[in-house]
Amino acid sequence: MADPKGFLTHTQRILPLRRPVSERVGDWNEVYQEFAEDTLREQAGRCMDCGVPFCHTGCPLGNLIPEWNDLVRTGRWREAFDRLHATNNFPDFTGRLCPAPCEPACVLGINQPPVTIKQVEYEIVERGFMQGWAEPIRPSKMTGKSVAVVGSGPAGLAAAQQLTRAGHAVTVYERDDRIGGLLRYGIPEFKMEKRIVDRRLAQMAAEGTVFRAGVNVGVDVTADQLRSDFDAVVLAGGATAWRDLPIPGRELDGIHQAMEYLPWANRVQAGDLSEPPITAHGKKVVIIGGGDTGADCLGTVHRQGGTCVHQFEIMPRPPETRDPSTPWPMYPLIMRTSAAHEEGGDRVFSVNTEEFIGRDGHVTGLRAHEVRRRNGGFEKVDGTDFELEADLVLLAMGFVGPERSALLTDLGVEFTGRGTVARDADFATGVPGVYVAGDMGRGQSLIVWAIAEGRAAAAGADRYLMGKTALPAPVTPTMAPIR
């Protein structure tokens, strides 16, 4: 059982320190320092295994959080590693990238700082890899069935691993030149070094999953070929259709989408080239969009040597403490400061960009004004117009859904009113044998939802192929994402 005096004994929430800003902006390594084992075990011991563990309601994967917290407290690391992987294929990804909706749902968080669940998760999986516990799990027998997974982000990889372990012959297709999807080219190196992705891919390859990068399914492999070559298909191509800003001056050079900018920095770190074709070096930069992608751009700008950077957000500045509109155990509306924000730049809230200005075909600045919320929208605040110089503008305003590619058209899948691929409670599309997981069916969401949906879609596909399934299905498509 858990320590009955857990958080009464260890009242302070302690997190790992970030490396000094002056040090980390000079490299692309992950930003956090090592965390002492005795401190971590004390932090895990703050969890007292509540009668109703509301942390479970915050986690789409259904992670057995109180169980592996207590296993860490008592030093039973191998058992904690196995318990963690019982519900999450990739805790090494979520331990770095998930915003941890489990933590604000922690019962302790009602009136004290919650348990450091995410850090415990991270330490468990890192110790497991260091000890060699992340061994391939090969199927005991093959089913003779084959599955194509289209897309190699977290949803696709989770589906592929589950289906491979169930005994199916699984091939993962990725149109980029490397496997990993947004994990590979959307997440900066300083948030997750790509060796973390590579070691998981090595485990999956050893289990029998086949990876085919540089294949644009729907073009290089047609929908008809896919249906004839495989017994089932899982679509996990993400929500890659980005939101644009169609205002005067948008055609000027120097204005780029975040996903036109971020992948180049990762390619430099991979050794593909020495200098990126789009760089912030020596430039005045404006990032439009205040979310995680905007913060990824911000940290990249710092490391590339931008001279100054502003990050615009049309929404008002969030409160410093939990807002009454998002009471416990909901994911709170609250001001959050990432490592990138700590490194510099100006965050500007309640602002709308109305025009880009330029000279000789290149952007030189923008015109904007303050806004306020009114009747569910935004209205201009009179007398707040301003201009700001900019040599580089990055649009990080999110994504509107999956691209209407030849694959989706030729397969004949249906779409929801939001533009996502429609599916039922088994994650099946209206096309027999075709399933959809992650952002392609859900819309832009969190990595933890992508993994959960990949697992659920795998269970649906396995049931279709075999008539029944022993694979867990942790979510249903009707569950609303946490924003």
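A residue counts as buried when its relative accessible area is under 20%. Phe-427, at 1%, is therefore buried. The model is predicted. The chain is divided into domain 1 (5-131), domain 2 (146-240 + 400-466) and domain 3 (244-397). This briefing covers the domain interface, the aromatic contacts and some backbone features.

**Domain 1 and domain 3**

- The centres of domain 1 and domain 3, taken over C-alpha atoms, are 31 Å apart.
- On the domain 1 side, 16 residues are in contact with 17 residues of domain 3.
- About 1,400 Å² is buried between domain 1 and domain 3. Carbon and sulfur atoms carry 61% of that area.
- The interface of domain 1 and domain 3 has 3 salt bridges.

**A salt bridge**

- Arg-24 and Glu-342 form a salt bridge through their side chains. The N to O distance is 2.5 Å.

**Aromatic pairs**

- The structure contains 7 aromatic pairs.
- One of them joins Tyr-173 and Phe-230 in an edge-to-face arrangement. The ring centres are 6.1 Å apart, with 90° between the planes.
- This pair links distant parts of the chain, 57 residues apart. Tyr-173 belongs to strand E2 (residues 169-174). Phe-230 lies in the loop between helix H12 (223-229) and strand E4 (232-235).
- Tyr-173 counts as buried because its relative accessibility is 5%. Phe-230 has a relative accessible area of 12%, so Phe-230 is buried too.

**Arginines over rings**

- Arg-303 lies over the face of Phe-190, 4.0 Å from the ring centre.
- Arg-442 places its charged end over the ring of Trp-449. The distance to the ring centre is 3.5 Å.

**Backbone features**

- Most peptide bonds are trans, and most residues other than glycine have a negative phi.
- The peptide bond from Trp-328 to Pro-329 is cis, with omega near 5°. Pro-329 is in the loop between strand E8 (308-313) and helix H15 (339-342).
- Asp-360 is not a glycine, yet its phi is positive, at about 55°. Asp-360 sits in the loop between strand E10 (351-359) and strand E11 (362-374). With a relative accessible area of 79%, Asp-360 is exposed.
- Phe-427 also has a positive phi, near 70°. Its place is in the loop between helix H16 (406-411) and strand E16 (434-436). Asp-360 is exposed, whereas Phe-427 is buried.

Methods. Residues numbered from 1 in each chain as written. Predicted model: local features only at pLDDT ≥ 70, side-chain atom pairs only at ≥ 80, totals over all residues. Heavy atoms only, no water. Phe/Tyr/Trp six-rings, centres within 6.5 Å; stacked < 30°, edge-to-face > 60°. Helix = DSSP H or I, 4+ residues; strand = E, 2+ residues; numbered from the N terminus. Buried < 20%, exposed > 50% of the residue type's maximum accessible area, 1.4 Å probe, protein only. Lys NZ or Arg CZ within 6 Å of the ring centre and 35° of its normal. Domains from an automatic or database assignment. Contact = heavy atoms within 4.5 Å. Buried area = accessible area lost by both parts, 1.4 Å probe. Salt bridge = Lys/Arg side-chain N within 4 Å of Asp/Glu carboxyl O.
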